[in-house]
Amino acid sequence: MFVCFDELNGFSDGFCLDLEQLPATFGRARDVAVQLTNLLVSRHHCQIAIRNNQLVIRDLGSVNGTLLNGEAVDEAPLSSGDTLQVGLQSFLVRCSQTSLPELNQVKTTEDTMEVVVV
């Protein structure tokens with residue numbers, strides 16, 4: 001199963017994460033799973049994880065906060081149809097049983113994961 005993040009602001013094409021790749025950290029640092037480049041994103045901004053069989057978003061003490069459906073959150077359940085804002089980037093979250101080939105996926109490399117077109 002995949003969780004997909006459709007970019008709403010045009011910064012990127014969006015991407016999908018296989019649930020087996022979680023937890024996944026978003027941020028500007030080189031060691032994060034999902035690297036975002038806008039300057040309002042902290043180096044280690046937020047993390048997507050599974051807790052008690054529920055997908056959750058957790059802010060990692062970011063300067064500008066993590067917004068879920070327009071509300072600042074420290075940690076909250078994440079559901080298909082939610083809007084996640086990280087810095088200037090907003091994503092529509094959706095869950096998918098299969099990943100379509102034309103979608104970007106986060107691909108695991110030796111040290112990190114990177115967004116690639118498959």
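What share of the contacts in the protein with a separation of 6 or more comes from residues 24 or more positions apart?

1. Such residues account for 40% of those contacts, a contact being heavy atoms within 4.5 Å. This is a predicted model, where local features need pLDDT of at least 70 and side-chain atom pairs count only at pLDDT 80 or more, while totals for chains, interfaces and linings use all residues. Residues are numbered from 1 along each chain as its sequence is written, and side-chain values use heavy atoms, with hydrogens and water left out.

2. The protein has zero helices and 13 strands. Both are DSSP runs numbered from the N terminus: helices are H or I with at least four residues, strands are E with at least two.

3. Of the 118 residues, 47% count as buried (under 20% relative accessible area; exposed is over 50%, partly exposed in between; 1.4 Å probe, protein chains only).

4. The largest nonpolar core has 23 residues. A nonpolar core is a set of buried Ala, Val, Leu, Ile, Met, Phe, Trp, Tyr and Cys residues joined through side-chain atoms within 4.5 Å. Phe5, Leu17, Phe26, Ile48, Ile57 and Leu78 have the most contacts inside this core. Elements giving two or more residues to the core include strand S1 (2-7) and strand S11 (89-96).

5. Leu40 lies in the loop between strand S4 (34-35) and S5. Leu40 has a relative accessible area of 37%, so this residue is partly exposed.
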